[in-house]
Amino acid sequence: MTSLTTNEPIRADLVGRLKNHGGLIALGVILVFNILVTPNFLHTQTLAVNISQVATIAIVAMGMTLVIATGGIDLSVGAVMALSGALAPLIFMSDFGVAYPVLGLIAALFFPLVAALICGLFNGVIVAVLKVQPIIATLILFISGRGIAQVLTNGNLQTFSNPEFSYLGTGKILGFPFQGWLAVAIACILFWVVNRTVFGRYLLAIGGNERAAKLSGGPVQRVKIGAYVICSMLSGLAGLIVVAINSASDAARNGNLMELDAIAAAVVGGALLQGGKAPIFGAILGAVIIQLVKYTLLANGVEDEVALIAKALIILAAVYIQQARKE
Amino acid sequence: MLDQNAFDLRKYISRNPQSVAVWIALIVLIAFGVLRYENFGGAYNISSFLNYNAMFIAISLGMCFVILTGGIDLSVGSVAAFTSVIAAYLSPYGIEVAMPLAILSGVAFGLFNAVCIVYLHIPPFIATLATMLGAKGGSLVISGAQTIAVDWGSNFTQLGMEKAFGLVPWTIVIVGILIVGLWIVLEMTSLGRTVLAVGGGEDATVMMGLKVNRAKIFVYALSGGCAGLAGVFLASGFGAGQPLEGVGWELSAIASVVVGGTLLTGGLGSIPATVAGALLLGLVFNILNFENGKGWISFSAYWQMVIRGAFLFAVILFQTRVMNRQSKVELAR
Amino acid sequence: MAPLLAMSGIEKHFAGIPALQGAALEIAPGEVHALIGQNGAGKSTLIKILTGLYRRDEGTIDFLGSPSHLTSPRESQIAGIATIYQELNLVPLRSVSENVVMGQEPKKLGYLIDWPEAHRRTREILSRFGIEIDVTAPLGSYSTAIQQLVAIARAVSMDAKLVIMDEPTSSLDTSEVEILFGVVKDLKASGVSVLYVSHFLDELFQICDRVTIMRDGQTVGCQDIADTTKLDLIAGMLGRNASEIASEGLTELAGDGTTYDEIVLQVDNVATGPRLTDFSMTLHRGEIVGLGGLLGSGRTEAARSIFGVDHITNGSIKLKGAEFNPAEPSDAIRAGIGLLTEDRKEEGIVPHMSVRENLTLALLPSMRKNGQIDLEKERALVEDFIRKLGIKTSHMDQPIRELSGGNQQKVLLARWLATKPDILILDEPTRGVDVGAKREIQSIIRSFVDEGHAVLLISSEFEELVEGANRIVVMHEGKAVSELTNPGITENALVKALAHHEGATT
């Protein structure tokens, strides 16, 4: 028994290290390939394009990581993006927004996030209080969230010119896109939340063993609802960023298939689907890998459609490796 | 009905409150439509309504089997889009070639799902989500992201337009046969009963010595095949393979199944009630169209999604309440 | 006569920990063979290897005279082994008929199930058990006892050569047990062998021919039931001489008899549902009160009612004189109660988390400092408990799943001790841990009580109750039915008290 307790952690450490390195190795391979093959890959503009694209995936993926850590899933992230993205231009282009540009801008940032928060509450309550499986519970908003956004905008593409708002998606700090900095800041905060706060500890305990957490006095419902709310609000933020990048809001396309990217990034980053782990920086790594695969294929003339298949294979491979390790 | 005892309506109602509710809702809605709108009960509306909804009924049937095992298949929409392209390409060879091969290509996707789920132990929603992406990419690649016109010279398009024996469109006949066939499979065969047992408790089913893997492979292959058939209907009904179609179909199918009273966790459900659920959802939109036609209100197409979601929400609320009540009754014994 | 089944030298490890070491079992045709042993002795593992659910690491199995390599329950069923597992393994959502006939449904036209025939056959099989129910209703709508009998009916109906019954009587009442015994005798008369696993030793003397005793994953004896006594069997299971049993000092739980008058917990006629209908007891400071009873008698439910897991529908609880009605576990924890659950894996440890994180899980609300967890305080506290309780771990950040069962249990015990509770409810605190750890855990409990705290102890190990408890409340069918007071409690007296309410099968 003693030999067991001394040997096992070393092996576990090794596996853990290999696993972390698995993602990094994949990243390294993609980078080397691109540097050798893709024209202009090491150009700052390429970097900026990729950062601005990866930021939205990463922001949503971090929220998804928290939800997955509770053993859940959130399919509604893309729909929430569409909803918040549709609301913002409606607000700052309204009569009120035009009359009071500053207040309008604040409202255009505030109310979409409130709408996202309500979506998160909705998801969280159905999952945690009504105890409906997360896939089905979040399917409701997955269907109707985008529908609401389209009803609100009548399905129209809303184009606008609002440099202040667009800063969210086009601004630069020290030469790097604003949303990249935002993603890093969010990651740091969430990392602290997961690893150092009581909420974070309960989050991991609930995903690891919900009954044990409950019997140890853990506020299971509150923590679960919290995870869905954070995920939704981050999705709402990502929706605003996408609208800001494009200076246009298209409820039909904003966040379309984002749930797949976010789940893939979270899983590639090391989140366990059965819960109990919340690797926040892993989610960023996963998002970077997914974005780079997409970019690599596009930049080398591979069709967009094939990129979809590649993404499908990445998801399957990541989950398969995860399941295989468990057994 | 299958009991040697006379059919006991009261027992049926108390055991299947939701199935009964969906039938009642369906009847009420039909009565409402017939009374309110002039042409609602006309042969043209009925025929075109059923013709259009045939593909949704088909995927709902496959989805019903998958959900009965406690799984889920998110790939049906993309697979249907894929097979519609295959069917369109094969249409010059006639319906007797195009239809079976298109369905087979759907089954192939289903088998891929099954392998991922049964042998690689990937959770169903991840496996089928990946297949959804893969099928979408695949159909865009083979079609070049264009709709593929069917061969109007062949008998392929007759499927949606010609009527069997001059009475009923072929699509409806085929779906009718599918409904009856699957009903028999579920109620009267060991395979069907194993599907139900798996959803009711997979471990227990293994312990009972039943062929669990076979049942799971069957349901995903069936769901793929049903999606394949829906793709054939799509191509023949619209005269073209539609690589961009199928978005959100999986949700319609899930909603139909759930509205029909099938438990999301599996183990309990019925084929006729699933069909009723699909018809009910379709009818809601049919009535909205008529209502728009009256000019009193104007519901944009975008409301469809919102209503679909609201429907799912209502049903989930209903199911959780029924389940809670049932588990209380169980405990009180 | 050649044996029907011969298993020998069976070895099985789980994650490196041996569950079976040289286990053996031999059953003759037409024999009713008992298999006994304490919890964790390896009975269930042995059965699961026999039915192909687990794969053995070593050893041979001969069934019907030839080596057997069954790899799934399905294969074993086809080979002629029908099993009733301890946990009900039926599908409650499906009808009674389906649960009985699935796997060998009557067919017509080759493929289609002949339902009228299936229902008729099910009714016929169930009538042997004196059950007349609507076989088309979902199984889950019937009581546990009926479900248990349906499980048995299913196994019996399979034309098996060997029927395995794992604790078949745990949820049956006296008359139902009699019916079961009748069926077992019928099986025996028709040449079918029965492997009978039970905690209720008296039953064995009624229906079994031979008995195999297991202890710590090994087979330690096999003899004719007629040549043995109940005390012999208990001695064999515990691994001690029969004369030793009566003597004292088997556990570290015995105290010096000091108690206080102060009542800390008073439970009056509490009910939470069908499994707990009328539970009363009082607990003083410095006292261990034991809860005695058989599987399913409501002991665990009693613990859950006090801890706010199950809602109280009737009766009242007074904590230190004040009304106490916890809505959820966190209320009970704040009020100074801890609950060590019976199922360590399902309700105790969080396997991914470290020893440190598991140990402080119940303590988190009080570890908050400036919005985050006070890691310094946490580490100091964990360090302290690891040393005090002698928890064997390479470091406090080692995942708890890598620890042995005994050390995991110590961590969980520390989780509750760290909350500085007044009352600890311990549900099978020494189940599935090795002998050394068992004694250490017992002495931790004793010193907790000696500090003036109180313990409600649930244990299937009679000597723990007999030696440790000041009083034992005996439970039966969700009710507290009698109370024994120390000194003066003997294992015999306890067994008698349990048996008395069990329905006098002696």
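**Domains, sheets and chain contacts in the predicted model**

The centres of domain 1 and domain 2 of chain C, taken over C-alpha atoms, are separated by 31 Å. This distance, like every value below, comes from a predicted model. Three domains are assigned in chain C. Domain 1 covers residues 5–246, and domain 3 covers residues 344–420. Domain 2 is made up of the segments 248–336, 421–441 and 449–506.

Strand β11 of chain C, residues 210–215, is mostly covered, with five of its six residues buried. Strand β3 of chain C (residues 32–36) runs parallel to β11(C) and is joined to it by four bridges. Within β11(C), C:Thr212 stands opposite C:Leu35. Strand β12 of chain C (residues 218–224) is joined to β11(C) by six bridges, and here the two strands run antiparallel. C:Val211 has C:Gln223 of β12(C) as its bridge partner. β11(C) and β12(C) form a hairpin with two residues between the strands, in which C:Asp216 takes a positive phi near 50 degrees.

A further sheet of chain C is open and consists of four strands, in the order β14-β13-β16-β17, with antiparallel pairing. Its edge strands, β14 (279–284) and β17 (322–323) of chain C, each pair on one side only. Strands β13 (residues 263–271) and β16 (residues 314–319) of chain C run antiparallel and are joined by five bridges. C:Leu319 in β16(C) stands opposite C:Leu265.

The largest nonpolar core contains 365 residues. The residues with the most contacts inside this core are A:Ala58, A:Ala61, A:Leu203, B:Ala58, B:Ile59 and C:Val163. Helix α11 of chain A (residues 220–246) supplies the largest share of the core, 17 residues. Leaving aside neighbours within four places in sequence, C:Val163 is in contact with C:Ala82, C:Ala155, C:Val156, C:Leu187, C:Val192 and C:Val194.

Helix α3 of chain A (residues 77–92) has 16 residues, which at 1.5 Å a residue should span 22 Å. Of the 16 residues of α3(A), 15 are buried, so the helix is largely enclosed by the rest of the structure.

Chain A is in contact with chain B through 31 residues of chain A and 37 residues of chain B. On the chain B side, at least two residues each come from α6 (124–143), α12 (249–259) and α14 (303–332). The most is given by α6(B), with 13 residues. By class, the side of chain B that touches chain A has 25 nonpolar, ten polar and two charged residues.

Chain A is also in contact with chain C, where 27 residues of chain A meet 33 residues of chain C. At least two residues of the chain C side are supplied by each of α11 (329–334), α12 (344–347) and β20 (372–373) of chain C. The largest share of that side is three residues, from α11(C). The side of chain C that touches chain A has 15 nonpolar, eleven polar and seven charged residues.

Methods: Residues numbered from 1 in each chain as written. Chains lettered and ligands numbered in written order. Predicted model: local features only at pLDDT ≥ 70, side-chain atom pairs only at ≥ 80, totals over all residues. Contact = placed C-beta atoms within 7 Å. Nonpolar A, V, L, I, M, F, W, Y, C, P; charged D, E, K, R; others polar. Core = buried A, V, L, I, M, F, W, Y, C linked by C-beta atoms within 7 Å. Buried ≥ 20, exposed ≤ 12 C-beta atoms within 10 Å, placed from the backbone. Domains from an automatic or database assignment. Pairing = 2+ DSSP bridges. Expected span 1.5 Å × (residues − 1).
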